[in-house]
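Let's take a walk through this protein together, one part at a time. Keep the viewer open as you read.

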Amino acid sequence: MKILTAAQTSQADQATMQAQGIRSDELMERAAAAFCEWLLARLAADPARPLHIFCGPGNNGGDGLAIARRLYQEGFRARVWLLPASKYSADFQLNRQRLPPELVCQALNPKRLPTLAPNALVLDALFGTGLSRPLSGTAADVVQHLNSSGACVVAVDIPSGLFANSPQPPDSAVTRARYTVSFELPKLAFLLPQNAGWVGEWLVLPIGLDPTFIHNLPVDNFFVDADFLAGRLPARSKFSHKGTFGHALLLAGSRGKIGAAVLASKACLRAGVGLLTVGVPAVGYGIVQTAVPEAMALTDPATDFVTELPDLKPYAAVGIGPGLGQEDATREVLRQLLRKATVPLVLDADALNLLGTNPDLLGLLPPDSLLTPHPKEFERLVGQPARDDYHRLEQLRAFAQQYRCYCVLKGAYTALATPDGTLYFNSTGNPGMATGGSGDVLTGVLLALRADKRLSPLDAALLGLYAHGRAGDLAARETGQAGLVAGDLADFIGRALQELTASTPLL
Ligand SMILES: NC(=O)C1=CN([C@@H]2O[C@H](COP(=O)(O)OP(=O)(O)OC[C@H]3O[C@@H](n4cnc5c(N)ncnc54)[C@H](OP(=O)(O)O)[C@@H]3O)[C@@H](O)[C@H]2O)[C@H](O)CC1
Ligand SMILES: [K+]
């Protein structure tokens, strides 16, 4: 799915009206109908529960009014509260007139804001994508009032006071929603940790925006769901052999961290690599041979950490980093690898830390390398803390462009930046995956997919990130989030990839 800016959303509205020959109030009606259908199904709303709808002066308020009317038709008697303003949008006014006279609809009095029972349901339709500045005055007071009420707040389209695609100044008034119900496409704001307390659980409901306009609209950000990946992972042909899926080399592990090499190896095999060779220090030989008999082990002459770069000729892709350590000799192995590699590279963990502490190595990164830092590793890579989550995304975009690499930023909605500066946000995964070894599993999966010659660098990265998160979701169903360990992820990678695999077309 594309992620549109607030301005692009309004262009999409206009294009839809033109293409489908509908008026703006008809589009608003679709939004209101979709919202009500969700509300009635999801919350199994009780007509006796106090229901308040707070409406602002623009089309977000118009949505709120249309929702109030529709809920009235379903037997719900909402109390509608209007924010005083100097101007109201045409569709606000139209829907104001359409309200049944029996519905209580009052202007908000800043001196006497309505009492909200803790069991009340509040719909926040104060401001949407037309927000042009932080809230102040009565609007800010109303938002603070909602936030301190303890009522369950459902934001219409976006929590009021939150900008859709840029940060707001600290201490701005923003509604704390339990749910945010948006339309057609997600907003960038929903994907950032700094906004989680305002956005709550979010979802998008289709309202039939013009698909051709959206298809042709250039965007900087995408949200990657299963539909987005459909057809990108081809089924295996009957005559494929080990060579088709590549021979990968994984350089990983040091004394006390051979487990990282084991986890990455298992995941790499489960992600379908043809052959896997693991380069470990001597201390890891027996462990790898025993724990992962499907992999071949190459032993480094040193006991505790990797000191030599193997001959790279046999390999279709090389992964380096999990549990590697940051010894000087290991850094030189990384340097040689960056100089010599002519095949795709996946760099993680200590390989990234070595890049961070030796910025001269960054200049050696071969184009299309895939890096998988978490925020702390990313900060070390760029050498500068981010001001906020939006700034971190801009750093990520710039980094991928500067080094012509694919750079992941791990977290909820893991982001992938590509050499052209586009960002892709992953939709799968859960907090149970915040556990030791989860990143090693990701490295193994990505290594396997980069070794698969059928996949482009972009598709390999997107499929790997999605499958890794999906494996976490499948595993958590069995283990619970707290009980999830990284080894479980590896066990479910095969199933996650199977779900994504294109079915062979029937003749
Ligand atoms: N495709 C869709 O997603 C659809 C969305 N719909 C809904 O429409 C809103 C966007 O409506 P819009 O009228 O553009 O914007 P708002 O409702 O957010 O409000 C705009 C008015 O608010 C004023 N404003 C802006 N910021 C502030 C502020 N900080 N304090 C006070 N007033 C503010 C603004 O005035 P200006 O001075 O900036 O001109 C406007 O008067 C979208 O979010 C959806 O809910 C459609 O219903 C269907 C399709
Ligand atoms: K809102």
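## The eleven-stranded sheet

In this predicted model, eleven strands come together in an open sheet with mixed pairing. Reading across it, the order is E1-E9-E18-E17-E16-E15-E14-E13-E10-E11-E12. The edges belong to strand E1 (2-3) and strand E12 (296-299); each has a single partner strand, so one side of each is left without a neighbour in the sheet.

Strands of a sheet pair through backbone hydrogen bonds, either parallel or antiparallel. For a parallel case here, look at strand E9 (residues 221-224) and strand E18 (residues 423-426), which are joined by four bridges. Within this pair, Phe222 has Tyr424 of E18 as its bridge partner.

## A helix across the sheet

Now find helix H17, which spans residues 457-479.

## A covered strand and its partners

Strand E7 (residues 179-183) is worth a stop too: four of its five residues are buried, leaving the strand mostly covered. E7 pairs in the parallel sense with strand E6 (residues 152-156) over three bridges, and Ala155 stands opposite Thr180 of E7.

E7 also pairs with strand E8 (residues 201-205), again in the parallel sense, this time over five bridges. Here the bridge partner of Phe183 is Leu205 in E8.

## Around ligand 1

Which residues come closest to ligand 1? They are Gly58, Asn59, Asn60, Gly128 and Gly130, out of 30 residues that surround the ligand. By class, this shell divides into twelve nonpolar, twelve polar and six charged residues.

Several helices take part. Helix H1 (6-20), helix H2 (24-42) and helix H3 (59-73) each supply at least two residues of the shell. H3 gives the most, with five residues.

## Two domains

The protein is divided into domain 1, covering 2-219, and domain 2, covering 229-500. Taken over C-alpha atoms, the centres of the two domains are separated by 41 Å.

Where the domains touch, domain 1 contributes six residues and domain 2 contributes seven residues. What classes make up the side of domain 1 that touches domain 2? Four of the residues there are nonpolar and two are polar, with no charged residues.

Note on methods:
Residues numbered from 1 in each chain as written. Chains lettered and ligands numbered in written order. Predicted model: local features only at pLDDT ≥ 70, side-chain atom pairs only at ≥ 80, totals over all residues. Pairing = 2+ DSSP bridges. Contact = placed C-beta atoms within 7 Å. Axes fitted to C-alpha atoms, helices over the stretch in contact; angles between N-to-C directions. Near = placed C-beta within 6 Å. Nonpolar A, V, L, I, M, F, W, Y, C, P; charged D, E, K, R; others polar. Domains from an automatic or database assignment. Buried ≥ 20, exposed ≤ 12 C-beta atoms within 10 Å, placed from the backbone.
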